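Subject: A structure for you to explore

Hi there,

Here is the structure I promised to hand over. Have it open while you read, and my notes on it follow below.

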Amino acid sequence: DEGNLFASVADEVMIRHSSGNERWLSVIRKPQIHKNKETDLFLIEDITDRKKNELETINARNRLSEVMRIAKVGYWEKDFKNNRWIWSDEVYKIFNIEPGTEISEEIITELMDKKSIRRRNKRISKALTSKHNFSYAFEYQILPQGSPPKWIAGESFFEDGRFYGWSQDV
């Protein structure tokens, strides 16, 4: 296919220098026609520092996820722009809900008793109407699907239009 013949190809590769040092390169191949001849232009950039940062970030994220799993702590956030909740896998586990399930206010309130719902709604309302950054610690009894009641504790933060926090199975 001639359309693919002249398509650019990009990749990131790791090479090991004779000294043993690893270097990461971004390699882009751009096929061209020059003086009626097919030729390739290669753009090569050393991306070692960026790649090391990416790998360190991935490793740190993995370690943090493992610590959160062991401590039974999960992260959550409310995405107001898209009106949806974002939960870490550990929060799904705390509430005994299949990870990836789309979370709504209805699902959350089904898992709480009426007193806890009222306290939660009052605090969220206060956070949303406050002109200042706001945080509060909480402890609620929840009624996970298919499990006995359990207590969760955590902290909520409302900062610069973001509403997020952590929850722990206590």
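Is Arg16 buried or exposed? With a relative accessibility of 54%, Arg16 counts as exposed (buried means under 20% relative accessible area, exposed over 50%, and partly exposed in between, with a 1.4 Å probe and protein chains only).

Before we go on, two notes on how to read all this. Please keep in mind that this is a predicted model, in which local features need pLDDT of at least 70, side-chain atom pairs count only at pLDDT 80 or more, and totals for chains, interfaces and linings use all residues. Residues are numbered from 1 along each chain as its sequence is written, and side-chain values use heavy atoms, with hydrogens and water left out.

**Salt bridges**

Arg16 forms a salt bridge with Glu22, and their closest N and O atoms are 3.1 Å apart (a salt bridge is a side-chain nitrogen of Lys or Arg within 4 Å of a carboxyl oxygen of Asp or Glu). Glu22 is partly exposed, at a relative accessible area of 37%. By this rule, the count comes to 13 salt bridges.

Another one joins Glu66 to Arg69, with 2.5 Å between the closest N and O atoms. Both of these residues lie in helix α2, 3 residues apart, which is about one turn of the helix. (Helices, H or I with at least four residues, and strands, E with at least two, are DSSP runs numbered from the N terminus.) Glu66 is partly exposed at 37% relative accessibility, and Arg69 is partly exposed too, with a relative accessible area of 41%.

Now look at Glu77 and Arg162, a salt bridge whose closest N and O atoms are 3.4 Å apart. Glu77 lies in strand β4 and Arg162 in strand β8, so this pair ties together parts that are 85 residues apart in sequence. Glu77 is buried, with a relative accessible area of 17%, while Arg162 counts as partly exposed at 37%. Salt bridges that share partners also join Glu12, Arg50, Lys51 and Glu54 into one network.

**Aromatic rings**

A search of the whole structure finds 12 aromatic pairs (rings of Phe, Tyr and Trp, the last by its six-membered ring, pair if their centres lie within 6.5 Å; planes under 30 degrees apart count as stacked, over 60 as edge-to-face and the rest as tilted). One of them is Tyr75 with Tyr164: the centres are 6.5 Å apart and the planes are at 35°, so the pair is tilted. It links distant parts of the chain, since Tyr75 is in strand β4 (residues 73–79) and Tyr164 in strand β8 (residues 162–169), 89 residues apart. Tyr75 is partly exposed at 30%, whereas Tyr164 is buried at 14%.

Phe80 and Phe158 make an edge-to-face pair, 6.3 Å from centre to centre with 75° between the planes. Ring pairs link Trp76, Phe80, Trp85, Phe158 and Phe163 into a cluster.

Which residue lies over the face of Tyr164? That is Arg162, at 4.3 Å from the ring centre (a charge sits over a ring if NZ of Lys or CZ of Arg is within 6 Å of the ring centre and within 35 degrees of the ring normal). Likewise, the charged end of Lys51 sits over the ring of Trp24, 4.9 Å from its centre.

**Spaces inside and outside**

The structure holds 1 cavity of 30 Å³ or more, and the largest cavity has a volume of about 190 Å³. (On a 1 Å grid over the protein atoms alone, a cavity is a set of points where a 1.4 Å probe fits but cannot get out; a pocket is an open set with protein on both sides within 12 Å along at least five of seven lines; lining residues have an atom within 4 Å of a point. Grid points are joined across faces, edges and corners, and a volume is the space filled by probe spheres set on the points.) This cavity is lined by 16 residues, and Trp76, Ile108, Arg120, Phe138 and Ser167 lie nearest its centre. β6 gives the most to that lining, with 3 residues.

The largest pocket holds about 250 Å³ of space. Among the residues that line it are Arg69 and Tyr75, both of which you have already met. The largest share of the pocket lining, 5 residues, comes from α2.

Enjoy exploring!
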